[in-house]
Structures are given as C-alpha cells and as structure tokens.
Amino acid sequence: MLETYILQKMSKSNIIQLYKTNYVKKGYIKEFSMQETNFSKQIFDIVSNVPQGQFVFMEDLVTGISSWSKEAKEYFGFPDTDFTNTTEVLKNLVHPDDLPRWEQEVEEVLSLQSDGFFYTYQIKNASGEYVHCTGKGKVILGEGKEPLFFAGSITVHQGEEIQDAITDLPKVQSFLQQ
C-alpha cells in the first residue's frame, strides 16, 4: 500500500529514474534515456488509439506500473492512466462469478504456465454496471527469458449478445470461456 502511495506522489522524472534504476540494476538494459521513455510512451499512445469499447494496456512487470488509455481510465474508473497493483484493481471489477477462473487465467500467464490470456468475463464499469468483455494478453520476455511486460487488450461487448440471435446457441466467446 505504501508503494502505491509513493508511486502516485512521485513526479514523472522520479518514476523514470525508478525505471532506470530497476532495469539497469537487473541487467535488462545497458543504458536508459529520457528519449527512449518518451518514445515508448508515444508508441503506447498510438497503439492505444483504438475504437470505442477496446482498451489496450501494458504492465511493466519489473516496476509493477501499468499504463492504460485515458478512455480506459474513464470507462473503468481507474485511479489514473498509470498505476500499480493492477491485478488487485481489476480483481475488484471482475464479476464474482467469473473471478475464480479470471484469477486462474492471470496466474497461469504471469507464471509462464500459459502462452497468453484469452478469457470472456464480466467486468464492472465506472457506472457500476457489469458488462461482458474479452481480455487478451501476453507476457513479453527479456533476452534471458525473464518476464518484462504483460501487454494486451480488453474488448467490451456492448450491444453484442453472448447468444446467437437465430440459433440461440452461445457464440464463440462463450465456448472459449468454458
């Protein structure tokens, strides 16, 4: 909890210094510059510019800081566009019926037991409504096969039915969920 408070109160330059310290100290990179950080942020801003109802995220598994678009912050009611304790924040939004399976999926991908995360579940938006969505993600490994980033997307299925209107059978996402 104290870590979260400290990171939220830090300036961007101090957070960049934290990145520099962790990455250089652990040998993930040889050097680090402000230009690289700005470049990474610019790439994220471009990639996260997706249609309404789709949200891209990237979590730095070394520092624990995840980045989300401004639209995701507003839609889900996140504390900010960059924050820590991502799993805990999302855990509080996942529907209780879907939570055990969601936790299992996340644990498997973060422990590298699974190649990626692909799961349809319900998540609470900032209005307090549960909406159906599909989460997809993958861990990005460093040169030494250590987990560096967890990146992916959440697609909200607003206006989409989980059941096919003609056959009344579950759509593909429902099959993948089971």
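In the predicted model, six strands form an open sheet in the order S3-S2-S1-S6-S5-S4, with antiparallel pairing.

Strand S1 (residues 54–60) is joined to strand S2 (residues 66–68) by three bridges in the antiparallel sense, and Glu59 has Ser66 of S2 as its bridge partner. S4 and S5 run antiparallel and are connected by nine bridges; Thr120 is partnered here by Thr134 of S5. The hairpin of these two strands has five residues between the strands, and Gly128 takes a positive phi near 85° in this hairpin. The antiparallel pairing of S5 with S6 extends over nine bridges, with Gly137 opposite Gly152 of S6. Five residues also lie between the strands in the hairpin of S5 and S6, in which Lys145 takes a positive phi near 70°.

The chain as a whole contains seven helices and six strands, arranged along the sequence in the pattern α-α-α-β-β-α-β-α-α-β-β-β-α. Of its 178 residues, 36% are buried. The accessible surface comes to about 11,000 Å², and carbon and sulfur atoms account for 53% of this area. Among contacts between residues at least 6 apart in sequence, 41% join residues at least 24 apart.

In soluble globular proteins, nonpolar side chains tend to be buried together. The largest nonpolar core of the model comprises 25 residues, of which Trp68, Phe76, Phe78, Trp102, Phe117, Tyr121 and Ile123 touch the most other members. At least two residues of this core are supplied by each of S1, helix H4 (70–76), H6, S4, S5 and S6. Apart from its neighbours within four places in sequence, Phe76 is in contact with Phe55, Leu93, Ile123, Lys124, Asn125, Ala126, Ile154 and Val156.

His95 is located in the loop between helix H5 (86–91) and H6. Its relative accessibility is 16%, which lies under the 20% cut-off, and His95 therefore counts as buried. When neighbours within four places in sequence are set aside, His95 is in contact with Gln122 and Tyr130. His95 and Gln122 are separated by 27 residues in sequence, yet their C-alpha atoms are 5.4 Å apart in space.

The average pLDDT is 75, and 60% of the residues score at least 70. Over residues 1–16 the pLDDT is below 50, and this stretch has 14 contacts in the model beyond near neighbours in sequence. Where pLDDT is low, the predicted coordinates should not be read in detail.

Notes
Residues are numbered from 1 along each chain as its sequence is written. This is a predicted model: local features need pLDDT of at least 70, side-chain atom pairs count only at pLDDT 80 or more; totals for chains, interfaces and linings use all residues. Side-chain values use heavy atoms; hydrogens and water are left out. Two strands pair if DSSP finds at least two bridges between them. Helices (H or I, at least four residues) and strands (E, at least two) are DSSP runs, numbered from the N terminus. Buried means under 20% relative accessible area, exposed over 50%, partly exposed in between (1.4 Å probe, protein chains only). Contact means heavy atoms within 4.5 Å. Accessible areas come from the Shrake-Rupley method with a 1.4 Å probe; for residues, only the protein chains shown count as cover. A nonpolar core is a set of buried Ala, Val, Leu, Ile, Met, Phe, Trp, Tyr and Cys residues joined through side-chain atoms within 4.5 Å. pLDDT is the predictor's confidence in each residue, from 0 to 100.
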